[in-house]
Amino acid sequence: MNPLLEIAEVSVGQHYYWELGGYELHGQVLITSWVVLAIIATLSLLGNRDLKSTPDGFQNFTELVTEFIRDLAKTQIGEEDYLKWVPFLGTIFLFIFVSNWSGALLPYRLIEIPNGELAAPTNDINTTVALALLTSISYFYAGISKKGLGYFSRYVEPAAFLLPINVLEDFTKPLSLSFRLFGNILADELVVGVLVALVPLIIPIPIMLLGVFTSAIQALVFATLAGAYIGEALADHH
């Protein structure tokens with residue numbers, strides 16, 4: 001049995017499946033992902049369609065977000081290399097942030113589909129594993145592009161007997177990234193769903209507000225760790 005297929009089956013509830021080339025895809029994840037991408041594209045176009053040297057209106061907001069991501073990248077990666085990684089970290093952060101908030105704020109459950117129900121894209125383990133694997137590929141690329149094959153000498157530093165531990169660390173990074181994000185978003189949506197079913201008025205509202213806050217924190221944590229891993233791969237080890 002393919003272990004990747006076993007991980008892909010880590011899910012809760014029923015799903016709306018699409019058949020494509022003999023494979024079953026979680027259709028509800030693709031639908032909500034397209035919604036998230038449409039929101040990001042719309043906000044980007046609104047903020048950048050009429051750029052001014054002195055920003056005003058929505059341009060202020062987009063520049064604030066850009067500066068925040070640049071500062072995050074500079075802090076985690078360092079001044080020498082951070083600029084080329086701003087697009088990657090920005091894309092990761094914005095996708096997770098808008099995905100999480102869409103699950104917390106948009107009335108997905110009111111939209112009926114043939115099977116299953118709509119939820120945040122990050123509520124599916126396949127999405128979070130894909131984001132984590134992209135991060136892993138990125139920090140391997142960062143290290144190898146800067147240091148060549150000498151990058152792999154980090155596995156035997158500071159001592160050769162640490163090789164298995166250092167290799168294992170690189171395998172656990174994407175696992176921890178993916179399951180942390182998936183677990184937190186799933187738990188938040190399950191708690192809100194149960195409370196709404198049991199106590200429909202008043203009590204779920206503070207929990208929903210807390211979910212909005214924690215979902216933003218999860219996006220920040222993921223982007224910060226991704227930046228830290230890339231910065232670690234680029235750092236000089238002596």
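The paragraphs below lead through the helices, the charged pairs and the aromatic pairs of this structure.

The model is a predicted one, in which local features need pLDDT of at least 70 and side-chain atom pairs count only at pLDDT 80 or more, while totals for chains, interfaces and linings use all residues. Residues are numbered from 1 along each chain as its sequence is written, and side-chain values use heavy atoms, with hydrogens and water left out.

Helices (H or I, at least four residues) and strands (E, at least two) are DSSP runs numbered from the N terminus. Helix H2 covers residues 27-48, and at 1.5 Å a residue its 22 residues should span 32 Å, which agrees with the 32 Å between its end C-alpha atoms; the expected span is 1.5 Å times one less than the number of residues.

The UniProt record, an unreviewed entry, places the feature "transmembrane region" at residues 25-46, 82-105, 125-144, 181-203 and 209-230; its positions are given in the numbering used here, feature names are shortened, and annotations may be inferred rather than shown by experiment. In the model, residues 25-46 are 91% helix and 9% strand, with end C-alpha atoms 32 Å apart, and residues 209-230 are 100% helix and 0% strand, with end C-alpha atoms 32 Å apart.

Turning to charged side chains, the structure holds 4 salt bridges, each defined as a side-chain nitrogen of Lys or Arg within 4 Å of a carboxyl oxygen of Asp or Glu. Asp170 forms one with Lys173, the closest N and O atoms being 3.7 Å apart, and these two residues are separated by about one helical turn because they lie 3 residues apart in helix H6 (residues 163-198). An α-helix has 3.6 residues a turn, so residues three or four places apart point the same way. Lys173 also forms a salt bridge with Glu232, at 3.3 Å between the closest N and O atoms, and this pair links distant parts of the chain, since Glu232 lies in helix H7 (residues 204-234) and Lys173 in helix H6, 59 residues apart. Lys173 is buried at 4% relative accessibility, whereas Glu232 is partly exposed at 27%.

The charged end of Lys173 also sits over the ring of Tyr139, 5.0 Å from its centre, a label that requires NZ of Lys or CZ of Arg to be within 6 Å of the ring centre and within 35 degrees of the ring normal.

The structure holds 7 aromatic pairs, where rings of Phe, Tyr and Trp (its six-membered ring) pair if their centres lie within 6.5 Å, and planes under 30 degrees apart count as stacked, over 60 as edge-to-face and the rest as tilted. Trp85 and Tyr141 form an edge-to-face pair, 6.2 Å centre to centre with 70 degrees between the planes. Trp85 lies in the loop between helix H3 (58-77) and helix H4 (86-105) and Tyr141 in helix H5 (residues 125-147), so the pair ties together parts that are 56 residues apart in sequence. Trp85 is buried at 8% relative accessible area, whereas Tyr141 is exposed at 55%.

Notes
Buried < 20%, exposed > 50% of the residue type's maximum accessible area, 1.4 Å probe, protein only.
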